[in-house]
Structures are given as C-alpha cells and as structure tokens.
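User: Could you take a close look at the aromatic rings here and walk me through how they pair up?

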Amino acid sequence: MLSRTFEKINAAPSLLGFGTMRLPKLYADKEDIDYEKAEAMIDYAYAHGVNYFDTAYPYHAQMSEAFIGHALKKYPRESFYLADKLPGWFVKERADVDRIFEEQLQRCQVDYFDFYLCHALNKNSFKVYEDLNIYELLAARKASGQIRHLGFSFHDTPEALEYIIDKYPWDFVQIQLNYLDWERQDAKRQYEICQERKIPCVIMEPVRGGTLANLSPDAVKILKDAEPEASTASWAIRYAASLPGVMTVLSGMTAMEQVEDNIRTMSDFRPLTEEEYAVVEKAKNVFLENTIVPCTGCRYCMDCPAGVDIPGMFKVYNDYRISKYAPGFIEGYEKLSGHNAQECVACGACMSHCPQSIKVPELMEEIRKCYMKLKP
C-alpha cells in the first residue's frame, strides 16, 4: 500500500484510510455496530496494508471509538495510525476539552492519537476554539506526546478555510473532495489553499457518501466503456488519490466488498491519466443532469425534532432522481412512515448543522409533493 512522505508528518500513513462513520450495523434503525462483520473488515484492511484508521466522538451514536479500540487492540500500537476528533459543539468550557480527550483515550484503549482533529470546523464553529483558546490545550497534549499530529476537518468556504488554516501552525487538514464537489463546492480552491501552504490533505467523502458509487446508468456506461473491470467507486477513489499533496483518502466502508474493491484500487495505485480525467468529466456531466440532492449522509442534521430521517429521505429521493423508478420511491418513502418528509415542520434546526448548506425544509416539501403526485 502506497504511503507518501511530507515535511510536517513524521509518519507513513497508507494512501487508503479506513473511516469508521458507516460501519455495518446490527439494526437498520439503530447505530449499534455489528462487531463481527466490522472487525473482519478492519482485519482484512490491516492485512492488506491499510494502517490509517479514522474515528470520531459522535460516530455511531458515540460507539465508533469503543469499537475501533477493540478491533485494533490485537495489533502492535506502533503498527497503525489512529485519528480521532474533538467535537467542538460539545465544548462549553475549557475543562470539557480535557474531559472529552481523556474519555476518547479510554474508549480507544490507547495512550496517544497519531492524528487528532478539531472536528467539522467552519466560520461559526471555530469561534469557540478562539474564545476558549482550545488550540493551546491541544498543543500542550501534542508537546506531551499524546497527540502526534494536530489538524482539523473542514466544511465551509475557501475564505473561511484561509482564515482558520492561517490562525495556528496546523500539521494537516482534512477536506471534502471528490469530482462532484471539485467545482460545485469549490473543493479545488480548498485543495489549492492547502497546497500553497504545503500542508498535507486528508480527503473525506471521496465517493460523496456513496453517491459516486451509484451513478445514473448512462454515467456508469461511460466509465465501464473506458475500463470494464473497474468499479464505479474506484474512479472516485483514484480521482482523489491522484492529487499531489494528498496524504490519505478516507473511505467510510460498510461492507467487505467495499474494502476489497478499495484495496484492489489502491494496492497497485495508478494516478488518472489525462484521458481518464476526460472520462470522469464526461460521466459527471451526464450524472448531474439528474440534479441530485448533495447529501453525503453524514447525519450532522440529526436528530430531527420532528422525527424526520433527513439523510434517509434524501437517499430515497436521490435514488428516484437517478433511476426514475417510481414504485421504488413510493416504497422507500412509505417505509420511513413517521420519519418521512410529511413530518417536516420546517423549523430549520437541521440547516445550521448541514455541512453542505442544503435547504432541507424546501426539499422536504418538494419530496412530499413528489410522493403525492406519484402515489397511485
């Protein structure tokens, strides 16, 4: 598995990283992790050279950290790199930083984090870090060896990124980047900002929450005509990994098949050629004609006060926008009975938490009307 070296990074993380936000679950409506399936996936990845594992305090209703601590405990600590994140929205005073950090160490069964991030920063959420001088507390942890590399994950405009990245001497930055967002959400400029400062990038959402693994049939045909044996998702993974300055491409894997496919893609990594970039661009443009909702399924919008399963509702709608299969949309909508668009009261609570700035209430009304129109 390829590793890239960087001036600020005293480590050799694998180019493919394992994200633990979308692990297999025991129940469809709960976040409990299926330990047997998930651990088998971790073991397979580790055996094939993946050494970068990413978790966070809120993932899987605060159960992801404990799982990854369990799954990695069997391996020598120096043989893998563990990344975790500070949820600033839970920090009300400086003491909360130490409390959360110690809890994370305990959950993960480690004495230090190789990579530690301020989680999901944007212009507004960064204020608590400035007001409480949280960087100072984390820098002290770094000085003591409990944090080896300090960075942040980011969801906002390039202007906000420039402000945050220049505020402190960060070691790395995690940004959302994929061929759909390269221009639509200006991931290109965000990547350039990191490159200009020679700060390595960790890439999240390379397949955009699974969207780029499930393109419209006409877009898939373009990719298959170019390389019949390659999966649709592999094009997205290679797109992100082909960029210089990218340290690790995170994939939030849910099934063993995804782990195997990603490892096939990255074990003998081939950067995209100019001809292949043109293929991706053509497939993307065809796909965008379907005008999907840009939801990544991150679930930062949850829990909805009215009980709406917002990411679930968007997935059902996006599947319909791609396939145009009305019976499937109706079935999916009705399966979410009590949690579908009909329950939305347009309170807007979700919008302040959405990294994609999606106008959720407006779209819920659009989805409700679509259902009423298609329902027999």
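Analyst: Happy to; we will go through the ring pairs and then the charges beside rings. This is a predicted model, where local features need pLDDT of at least 70, side-chain atom pairs count only at pLDDT 80 or more, and totals for chains, interfaces and linings use all residues. Residues are numbered from 1 along each chain as its sequence is written, and side-chain values use heavy atoms, leaving out hydrogens and water.

A search of the whole structure finds 28 aromatic pairs. Rings of Phe, Tyr and Trp (its six-membered ring) pair if their centres lie within 6.5 Å; planes under 30 degrees apart are stacked, over 60 edge-to-face, and the rest tilted.

Tyr135 sits in helix H6 and Tyr168 in the loop between helix H7 and strand S6, 33 residues apart. (Helices, H or I with at least four residues, and strands, E with at least two, are DSSP runs numbered from the N terminus.) Tyr135 is buried at 13% relative accessibility, and Tyr168 is buried at 16%. Buried means under 20% relative accessible area, exposed over 50%, and partly exposed in between, using a 1.4 Å probe and protein chains only.

Tyr239, in helix H11, and Tyr277, in helix H13, are 38 residues apart. Tyr239 is buried at 9%, while Tyr277 is partly exposed at 29%.

Ring pairs also link a cluster that includes Tyr135, Tyr168, Phe126 and Trp170.

Finally, Arg107 lies over the face of Tyr57, 4.3 Å from the ring centre. A charge sits over a ring if NZ of Lys or CZ of Arg is within 6 Å of the ring centre and within 35 degrees of the ring normal.
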